[in-house]
Amino acid sequence: MKKIKLMLIPILAVALLLITFAGCSSSDGEFSYSSGITDDGFWKGITALDHVELGKYEGISIPQEVYQVSEESVQAEIDGILANFTSQNQITDREVMEGDTVNIDYTGSVDGQNFEGGSTEGMGTEVTIGVTSYIEGFLEQLVGHSPGESFDIEVTFPQDYGNPELDGKDAVFAITINHIVETETPELTDDFVADNLSLSYGWNTVEEMETDIRDNLQSSAISYYIQEYIVDNADIKSIPETLVEYQEKSLILYYQDSAEYYEMEFDEFLTNYMNVSSTDELLETFAEDNRENAKFYLIIQAIAEDAGISVTDEDLNSYFTDHIGAEDYAEYEENFGIPYLKLIVLNQKVLDYLGDKAVLE
């Protein structure tokens, strides 16, 4: 069975809300992402308004500095998209200059003896002069040489290099410059947008692209402000322990699925990727995040209860069409269950409701 990977996008950097890319499946054990959630997307046995005293949530005032989008931020988004369409050219007809990215091979020696780890073994490696961290003076000696040249450079390892056999030693590296790497970014034109971005983004002109990016940046800024606002202005009287336990179990399940996705044992994954030695240490590391996440879910449900917001099947269909770009969410349903999907949509509906009621200063 094809698997779906769950990516948890933070709201307040801790809330788990959006599914956006494919990969892993849900657990075969007792706990699943839909555990403890009703078919309507609410938390089972929890009336959030019993635990939360809400502050003002309709007509939230949004300061200008929050929603004003700079041209620099729009351009940064455009540059990020164009970076996916760059091409690399291998240049062999000029000398290496400062700032160039260069593909080289080398073999290092100390006192005439090659040392372990001091060679590219003919595989080539890319370095950028002035950027890549190498022994002081190493990359600068490439400047002025041309692709195809083989020559020696001399350097001295730092006294505190970390290898007793090399600390403070003079070394010679036999260098071959293979080629200079030049990255070419396509010109942003209406034709480029229509040919390359229409299917993925729905844009056909540069103007449409810039307008949509600006609108999305503004919407995101407003949404993050609202999320922080409702948390800061709510009084949490108590947090149901079942809600905290859900955050803990879903966190473990997420990383178990991640370990499976990378074909690793769970303990190995925790050590190598999470820098913790056990599940207990993982939960301890994320304890505050889990409580904040539980608090946020509680506030969102309290607003839904107070404002009479609910999720229909039509809402679910619209969410996956509008936010995920998927007409059919059956595979998501199989892996995460309808209750969890309804929870995601409920959260989004609440945020959309707050955004629609917000007032821009």
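**Close-up 1. Lys 44, in the segment before β1 (52-53).** This is a predicted model, where local features need pLDDT of at least 70, side-chain atom pairs count only at pLDDT 80 or more, and totals for chains, interfaces and linings use all residues. Residues are numbered from 1 along each chain as its sequence is written, and side-chain values use heavy atoms, with hydrogens and water left out. Strands here are DSSP runs of E with at least two residues, helices are runs of H or I with at least four, and both are numbered from the N terminus. Setting aside neighbours within four places in sequence, Lys 44 is in contact (heavy atoms within 4.5 Å) with Gly 36, Ile 37 and Thr 38. Thr 242 sits 198 residues away from Lys 44 in sequence, yet their C-alpha atoms are 9.4 Å apart in space.

**Close-up 2. Ser 109, a residue of strand β4 (residues 101-110).** Ser 109 has a relative accessible area of 15%, so it counts as buried. The cut-offs are under 20% for buried, over 50% for exposed and partly exposed in between, using a 1.4 Å probe and protein chains only. Not counting residues up to four places away in sequence, Ser 109 touches Asn 114 and Phe 115, plus Asp 170, Ala 171 and Val 172.

Close-up 3. You'll find Glu 121 in the loop between β5 (113-119) and β6 (125-128), and at 69% relative accessibility it counts as exposed.

**Close-up 4. Helix α5 (residues 206-232) against helix α12 (residues 338-357).** First, α5 itself: its 27 residues reach 39 Å from first C-alpha to last, close to the 39 Å expected at 1.5 Å a residue (the expected span is 1.5 Å times one less than the number of residues). Buried residues of α5 include Val 206, Met 209, Ile 213 and Ile 222. The axes of α5 and α12 come within 10 Å and cross at roughly 100°; axes are lines fitted to C-alpha atoms, for helices over the stretch in contact, with angles from 0 to 180 degrees between N-to-C directions. That makes the two helices roughly perpendicular, the label for 65 to 115 degrees. Ser 223, Ile 226, Gln 227 and Ile 230 of α5 meet Leu 351, Leu 354 and Gly 355 of α12.

**Close-up 5. Helix α5 against helix α9 (residues 287-307).** Here the axes come within 10 Å and cross at roughly 90°, so α5 and α9 are also roughly perpendicular to each other. From α5, the contact uses Gln 227, Ile 230 and Val 231; from α9, Lys 295, Phe 296, Ile 299, Ile 300 and Ile 303.

**Close-up 6. Helix α10 (residues 313-324) and its buried face.** Leu 316, Tyr 319 and Phe 320 are buried in α10. Down the helix axis, these buried residues fall within an arc of 90°, so they line one face; the arc is that of the directions from the axis to the C-beta atoms. Their cover includes α11 (330-336) and α12. Exposed Glu 314 and Asp 322 are on the face turned away from the buried side. Just after α10, Gly 325 takes a positive phi of about 75°.

Definitions and conventions
Angles under 35 degrees count as roughly parallel, over 145 as roughly antiparallel, 65 to 115 as roughly perpendicular and the rest as oblique.
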